[in-house]
Amino acid sequence: MKGSFKEKVRNGWNSIKNNPSFTLKEQLGFASGSFGNCMGQDMIGTFFMFYMTDFMGITSQMLFVISLVAKIVNIIADPVAGGIYDAPPRNGRSRVKPFLLLTPFPLSITSVLLFVVPATSMTVRIVYVFVFYLIFCLSDAFYDMALMTTSARMTSNPNDRKNFYTVASFASTLGSMLPGGVIPMFMSIYKDHQTQEWIYIICAVVFGVVGLGTMLMPGFTLKEKVQVNIKETPVKINVKAILQNRPLITAVFAQILDSIRQICYGALLYFYTHTLGAAWLSTVIGAVSSALSYVGIVLIPFIGKKIAPRDIIAGGYLYTSFFYIILLIFGSMFLGSGNVSGNMGFIALAGVCIALGGFPNGAIGASRRIQLADSADYMDWKMRKKYGVGTRSEGMVFAVNSMAGRINGFWKDLLLPLGLGLIGYVSKDDGAETVKQSSETLKGLFYLVAVPGVAGNLLPGLVTLLDNFRGKRRERILAELMEMRKADAEQDDSVDGPSDNDGGETSESAQETVGEVVA
């Protein structure tokens, strides 16, 4: 049995190393970009709000307003980026690569500046934070979209794509783990408020510099190999294609509902620090959860042969919801017994449930990337079958998903400060060393973790099951699509006169079909 397992691991590594669609340099380049991007996102996503309330004294109500404006602008930016990336290359040059090379600079710089807030009036602080948070959100939107659009255009082979995203998921999980693991560890060692503020600043600088270097790598290593099939993709075609894309629509709704559990994740640091009196728990749970998450990622090349991405995602959500149900039931019992700060039984319960609940996160992330890239193939097949014209709009596919992700973050960034306000959470006043919370607020922090943890996993899991692009049907569709594309290539070869397929040009008959679809 051991030999069989080692052989499977060896074969899995060889399939990654000898991937016919990607060189090892390309795989490592994409993984580096995912690592740096996720590290910056986790630094801001995990600590931004906590740092502003507990160190900068900005109220949760003001953060609500800042997040509201920034997220609305961010949501608008996604389809703009998708439209730019889907446009035909200009003079044979990629429209995506410049963004891969330029956006890491404002993204990394603002991730540092948001933790270097000037100690002036509160008005200046608020304006400063708003401006740089907005720049961060916009830069992140354009970089994330550029990275995912390029990755989807690396190959149309679903098996090679699966291995490609598996490597990237290793890197992105590590990037997400570092800020959440390192900072709480130092915070638990150094209790002085001023020292803790410097810990945030130093970590922001280190992660920002490392993130800049790694996020630049895809711009130098990746090349788009699968071009858009038509010279111009009118908006009406993109809209029709997206509305026909059932895998994408279910993924979008699941992503929006996922925002509920993001409230849980955003409240964890408050819960560990104030309710449990154990800020160190963030490092321990983060390490255990990330290790388990890596196990899930490792399993993707093996279980992905028999289980569709849809089933992995849905199963992962439902698995995690089970542990948050346990936490909600038994945690409520602990809260009813009195003071829980430092209670090792409560700490153990929370630690076990949250850590084990994080096991599928890596597999869900990797499977979602595969699902989205597959949805571009499904959309191409559906449009060919229904309208007789193919359309590969990876930029718009990832734009729609990214918009769902922004709505996800939008609700988290709005509902978390709103929730903090409702339970009476008190931000730090200037000159105060500590923040004292009431007993009702401490209980409220627990419910901000447990209730969204249940609903935010159960609902997207059930919605994901509505996607029917799986099993034999998925295999049949992909086989049909390969034959359709092969027939198109043969038809293009038979057309007299010069043809530049690299620019995405099509025959006259294809352009006529496009016109019929638009009409």
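The model is predicted. The chain has 519 residues, of which 54% count as buried. Its secondary structure comes to 19 helices and 0 strands.

**Overall fold and surface**

- Helices number 19 in this chain, and strands number 0.
- Contacts between residues at least 6 apart in sequence join residues at least 24 apart in 87% of cases.

- Side chains of opposite charge can pair when their charged atoms come close.
- The whole structure holds 7 salt bridges.
- One of them joins Arg310 to Asp311, with 2.5 Å between the closest N and O atoms. Arg310 and Asp311 are both buried.
- Asp311 also forms a salt bridge with Arg470, and here the closest N and O atoms are 3.0 Å apart. This pair links distant parts of the chain, since 159 residues separate its two members. Asp311 lies in helix H13 (residues 309-336), while Arg470 lies in the loop between helix H17 (439-464) and helix H18 (471-494).
- Arg470 has a relative accessible area of 35%, so this residue counts as partly exposed. Asp311, by contrast, is buried.
- Taken together, Arg310, Asp311 and Arg470 are linked in a network of salt bridges.

- Glu480 and Arg476 form another salt bridge, the closest N and O atoms being 3.1 Å apart.
- Glu480 and Arg476 are separated by about one helical turn, because they are 4 residues apart in helix H18.
- Glu480 counts as partly exposed because its relative accessibility is 23%. Arg476 is also partly exposed, with a relative accessible area of 40%.

**Aromatic rings**

- A pair of aromatic rings is described by the distance of the centres and the angle of the planes.
- A search of the whole structure gives 24 aromatic pairs.
- One aromatic cluster is formed by Phe47, Phe50, Tyr51, Phe55, Phe115, Tyr200, Tyr270 and Tyr425.
- A charge also sits over a ring: the charged end of Arg474 is 6.0 Å from the centre of the ring of Phe469.

**Cysteines**

- A disulfide is a covalent bond between the sulfur atoms of two cysteines.
- The number of disulfides in the structure is 0.
- Cys38 has a relative accessible area of 14%, which is under 20%, so Cys38 is buried.
- Cys203 is buried as well, because its relative accessibility is 9%.
- Cys137 is likewise buried, with a relative accessible area of 3%.

**The surroundings of Cys137**

- Cys137 belongs to helix H6 (residues 122-152).
- Apart from neighbours within four places in sequence, Cys137 is in contact with Ala70, Lys71 and Asn74.
- Leu107 is 30 residues from Cys137 in sequence. In space, the distance between Cys137 and Leu107 is 8.0 Å, C-alpha to C-alpha.

Notes
Residues are numbered from 1 along each chain as its sequence is written. This is a predicted model: local features need pLDDT of at least 70, side-chain atom pairs count only at pLDDT 80 or more; totals for chains, interfaces and linings use all residues. Side-chain values use heavy atoms; hydrogens and water are left out. Rings of Phe, Tyr and Trp (its six-membered ring) pair if their centres lie within 6.5 Å; planes under 30 degrees apart count as stacked, over 60 as edge-to-face and the rest as tilted. A charge sits over a ring if NZ of Lys or CZ of Arg is within 6 Å of the ring centre and within 35 degrees of the ring normal. A disulfide is a pair of cysteine sulfur atoms within 2.5 Å. Buried means under 20% relative accessible area, exposed over 50%, partly exposed in between (1.4 Å probe, protein chains only). Contact means heavy atoms within 4.5 Å. A salt bridge is a side-chain nitrogen of Lys or Arg within 4 Å of a carboxyl oxygen of Asp or Glu.
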